[in-house]
Amino acid sequence: MDQTLTASEVIAAAGCPASSLRAWQNRNGLFPHLAKDGGWRRYALSDVIGVRVVVMLTERGFAAQEVVNLVNAMRPNLEKAAQGYAPLIGIGRAEDGESLEFRELQGSGTVLDNLGWFVDPVVVVLDLRKITNEVFFAVREMRQ
């Protein structure tokens, strides 16, 4: 399988309209590492996982800009997920009460031990392994 994906493949695998992907990139600054140099953007599997996370969190009511900032900060974690290391990620409000932050959840301890650091009672737990598998199989299906 080619290691990079087109925008069409990204929107199909991540489940978002093309207009949303364009807005998240152009207006909100999603994936600044993919600056377009007169050609077409090509996306890595980690980028598609990131788009899927944006879709999931905006569907849950989080603002696009704060989710894009979060996903850009999660880039190293998304790259690890694309390589097979995909932990559970806890997402919630930072202590400032304004921004979102994430943490890898540890395998030991209770859910409360892992999530007690959130200020906001709205906490989202993402299973990056599940998201990565869904994206991978969607891409594979498209390419067959």
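Colleague: Hi! Where do Glu-134 and Lys-130 both lie, and how many residues apart are they?
Modeller: Hi! This is a predicted model, to begin with. Both residues lie in helix H7, 4 residues apart, or about one turn of the helix.

Colleague: Is Glu-134 buried or partly exposed?
Modeller: Glu-134 is partly exposed, at 36% relative accessible area.

Colleague: And how many salt bridges turn up in the whole structure?
Modeller: A search of the whole structure gives 5. One of them joins Arg-93 and Glu-66, at 2.7 Å from N to O. Arg-93 belongs to strand E1 and Glu-66 to helix H4, so this pair ties together parts that are 27 residues apart in sequence.

Colleague: Are Arg-93 and Glu-66 buried or exposed?
Modeller: Arg-93 counts as buried, with 16% relative accessibility. Glu-66 is buried too, its relative accessible area being 18%.

Colleague: What about Glu-79, which residue does it form a salt bridge with?
Modeller: Glu-79 pairs with Arg-75, and their closest N and O atoms are 2.9 Å apart. Both sit in helix H5, 4 residues apart. Glu-79 is partly exposed at 31% relative accessibility, and Arg-75 is partly exposed at 25%. Salt bridges with shared partners join Asp-47, Arg-75 and Glu-79 into one network.

Colleague: Staying with H5, which of its residues are buried?
Modeller: Asn-77, Leu-78 and Ala-81 are buried in H5, which runs over residues 75–82. They cover an arc of only 100° around the axis, so they are on the same side of the helix.

Colleague: What do those buried residues pack against?
Modeller: They pack against helices H3, H4 and H7 and strands E1 and E2. Just after H5, Gly-84 has a positive phi of about 110°.

Colleague: New topic, then. In what sense do E1 and E2 pair?
Modeller: They pair in the antiparallel sense, over 5 bridges. Ile-91 stands opposite Phe-102 in E2. The hairpin has 6 residues between the strands, and Gly-97 in this hairpin takes a positive phi near 75°.

Colleague: Where is Glu-101 found, and how far is its C-alpha atom from that of Ala-73?
Modeller: Glu-101 is in strand E2. The two C-alpha atoms are separated by 8.7 Å, while the residues are 28 apart along the chain. Glu-101 is partly exposed, with a relative accessible area of 22%.

Colleague: Now the nonpolar core. Which residues touch the most other members of the largest one?
Modeller: Leu-30, Val-51 and Leu-128 do, in a core of 38 residues. H3 gives the most to this core, with 9 residues.

Colleague: What does Val-51 touch, leaving out residues up to four places away in sequence?
Modeller: Val-51 touches Val-10, Ala-14, Cys-16, Leu-21, Trp-24, Leu-30 and Phe-31.

Colleague: One more: where is Asn-28 found?
Modeller: Asn-28 is in the loop between helices H2 and H3. Asn-28 is buried because its relative accessible area is 13%, under the 20% cut-off.

Colleague: So what does the side chain of Asn-28 make a polar contact with?
Modeller: It makes one with the side chain of Gln-65, at 2.9 Å. Setting aside neighbours within four places in sequence, Asn-28 is in contact with Ala-23, Ala-64, Gln-65 and Val-68.

Note on methods: Residues numbered from 1 in each chain as written. Predicted model: local features only at pLDDT ≥ 70, side-chain atom pairs only at ≥ 80, totals over all residues. Heavy atoms only, no water. Helix = DSSP H or I, 4+ residues; strand = E, 2+ residues; numbered from the N terminus. Buried < 20%, exposed > 50% of the residue type's maximum accessible area, 1.4 Å probe, protein only. Polar contact = N/O pair within 3.5 Å; in protein donor to acceptor, adjacent residues only side chain to side chain. Contact = heavy atoms within 4.5 Å. Arc of directions from axis to C-beta. Core = buried A, V, L, I, M, F, W, Y, C linked by side-chain atoms within 4.5 Å. Pairing = 2+ DSSP bridges. Salt bridge = Lys/Arg side-chain N within 4 Å of Asp/Glu carboxyl O.
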